[in-house]
Amino acid sequence: TIVKDWGGKVAVALVYPNTYAVGMSNLGFQTIYWHLNQRPDVVCERVFLPDYEDQAEHARTQAEPLSLESGRRLSDFHIVGFSVTYEGDYINVVRLLRAAGLPARAQDRRPHDPVVLMGGVCAFSNPEPVAPFMDLIAVGEGEELVHELIDTFRAATDRAEFVLRAATLEGIYVPARYAVAYAADGTVAEVTPAAGLPAVVRKRRLRNVDAFETISLVKTPHAEYGHMALVEVGKGCGRGCRFCLEGQVYRPVRHRSVEALRETIGKIAKESSRVGLVGACVSDYPWIGDLMDVVDEAGLELSISSLRADSLSDKLVASLARGGHRTLTIAPEAGTERLRGVVRKAISDEQILGACDMLRRHGIPNLKCYFMIGQPTETAEDVEAIPALAARMLERLRTLDARGHPFGRLTLSISSFVPKPWTPFQWARFDGADSLQKKLEVIKRGARPLGTVRVLHENPREASLQALLARGDRRVADL
C-alpha cells in the first residue's frame, strides 16, 4: 500500500520537463494544475527543470528536483505526472526521474514508488520512445480524465491495482500491458494487448469545450507571456496543412462560443489590462469580428498567437495596433506558391504583400515570418525564393505609416521540416542536418544585403534528434 503523509489527500506532482518560464506559459499545464487543486481530496504541486543558466549551481546545491510549493521530493508524491509538449523534452523526463532517485523504467519501480504517468500532446502523437519509462499514458485531452484517474486511485488498495484499474479507462494506455513483436527486418510486426484491453486506445476529446475554460490561472512575470492573460478560443485547426501535427491530432475542430468567451474575458478584465487569444489559427475563428468587439467593450489590449495572411482584416490589425502590438506574425512556410500548394498552405504572394500593406497602414513597426526548409519536393529555387520574397516584402514595408513612422525590422524565423506521425507527411524523408545547414547558409547569404532583415533558426542537428523521437518506437528508449 502507498502510505505517504499528506493528510489523507492524493498528492500529485505535476512536472513540466522544461524550465519554469516555458512551463508556466503552457495553458494545458495550468489547466490540469487548476482542476486537480479544485478537488478537496487532492494536493497538486509543480516541478520544473532548473533553468539551464543555473545548472552548475543546481548540481552543487540541490541533488534532486523539488516541488515549487512545498519543496517536497518526487518520491514523496503518490503520482508524478509529466506534461510533455515537445519531443526534445523526452530526454528531460529521464533526466528528472534519475535526479529524483526514482527508477527510470516502469518495470523497475517498487511498491512504494510513485505512479509515473505522462500527458500532453506528445502522449497522443507518439509516446513510444518514452513508453518504457511510464506506468500510464493519458491519451488525449485531460480535463475530464484526470478526475477519473484520481477516483480510480482512491478506490485501489495499492500501486499495482491502481495501474491495472486505470488500464480500463478510456484514454489510458499502459505500455507494459501491450507486447510488441518485431519482424526480421526490424519493423513492428504486431502489438498484442493483455486480455480485456482494447487493441486501439481511444483518444479522449472534450465534446463541449464551452464547459471548460482554458486560461492563464497563475500569472507570473517570469513566464514567457507573463505580462498578459491568455485565453484559448478553441481546439484544433481546419486548414489541414500537410506537415502540421496540431491540425491533425486535435480534430474535430471545436470553437468556443462568443458568449462563453465573453464571460471569460469579463473575468479577465477585472484583474488584467491585456488579453492574449490562443489557438492553432486565431484569425480563422468564425466570429473573430464579434470577439474583437467583446475585447474592445472590456477595455482590454489585445494580442493574438497565430494569424494567417489570407484571413487578416483591417479591423483585426487595427485592434492589435490599438493594443500596443509591436510585431505582427504570419507563417508563409515556403518561399514559392508552388511549394505552399504542396504543403497545403495556399497563401499567395499577393496576400503576403497585402499583409505588409495592412501592417504599415495601422502603424505596427515589425513583421515576423515563419518559413520551413526541407519540406517534400523542395528545390534549390524554393530555398532561394525565401530571401527574394523578403526583398519584395521590404519594398512594401519601407513605406512610412500614417503617422510618418518608418518600418522597424523584418524577421525570418527558419525551422526545419520534421515528419510527424498522423500527418499526411508522416512517411516523408527527413532532409538531414548537413543538407539543412547548407540551405540555411543560402538564406542567410541572400538576406545579408537587405539590412533590416534578421534571420533566426534552430540547430539542424536538434531537428535530427526530434525526427528520431517523433517517429521512433520503444527501442529508442534504450538510446
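The legends below describe close-up views of a predicted model.

**View A. The six-stranded open sheet.** The strands follow the order β2-β1-β3-β4-β5-β6, and their pairing is mixed. At the edges lie β2 (42-48) and β6 (172-173), each of which pairs on one side only.

**View B. Pairing of strands β1 and β3.** Strand β1 (residues 10-16) runs parallel to strand β3 (residues 79-83), and four bridges join the pair. Leu 14 has Gly 81 of β3 as its bridge partner.

**View C. Helices on the sheet.** Helix α2 (residues 27-37) lies across β1, β2 and β3, at about 155 degrees to β2. Helix α6 packs on the sheet and touches β3, β4 (115-119), β5 (136-138) and β6. The direction of α6 makes about 30 degrees with that of β4.

**View D. The crossing of helices α5 and α6.** The axes of α5 (residues 145-155) and α6 (residues 159-166) come within 9 Å and cross at roughly 140 degrees, so the two helices count as oblique to each other. The crossing is right-handed. From α5, Leu 149, Thr 152, Phe 153 and Ala 155 make the contact; from α6, Glu 161, Phe 162, Arg 165 and Ala 166 do. Five of these contact residues are nonpolar, one is polar and two are charged.

View E. Pro 376 sits in the loop between β15 (366-373) and α13 (380-397). Because its relative accessibility is 19%, Pro 376 counts as buried, the cut-off being under 20%. Leaving aside residues up to four places away in sequence, Pro 376 touches Leu 339, Val 342, Phe 417, Phe 425 and Ala 428. Glu 45 is 331 residues away along the chain, and 43 Å separate its C-alpha atom from that of Pro 376.

Methods: Residues are numbered from 1 along each chain as its sequence is written. This is a predicted model: local features need pLDDT of at least 70, side-chain atom pairs count only at pLDDT 80 or more; totals for chains, interfaces and linings use all residues. Side-chain values use heavy atoms; hydrogens and water are left out. Buried means under 20% relative accessible area, exposed over 50%, partly exposed in between (1.4 Å probe, protein chains only). Contact means heavy atoms within 4.5 Å. Axes are lines fitted to C-alpha atoms, for helices over the stretch in contact, and angles run from 0 to 180 degrees between N-to-C directions. Angles under 35 degrees count as roughly parallel, over 145 as roughly antiparallel, 65 to 115 as roughly perpendicular and the rest as oblique. A crossing is left-handed if the near helix is turned anticlockwise from the far one by less than a right angle, and right-handed if clockwise. Ala, Val, Leu, Ile, Met, Phe, Trp, Tyr, Cys and Pro count as nonpolar, Asp, Glu, Lys and Arg as charged, and the others, Gly among them, as polar. Two strands pair if DSSP finds at least two bridges between them.
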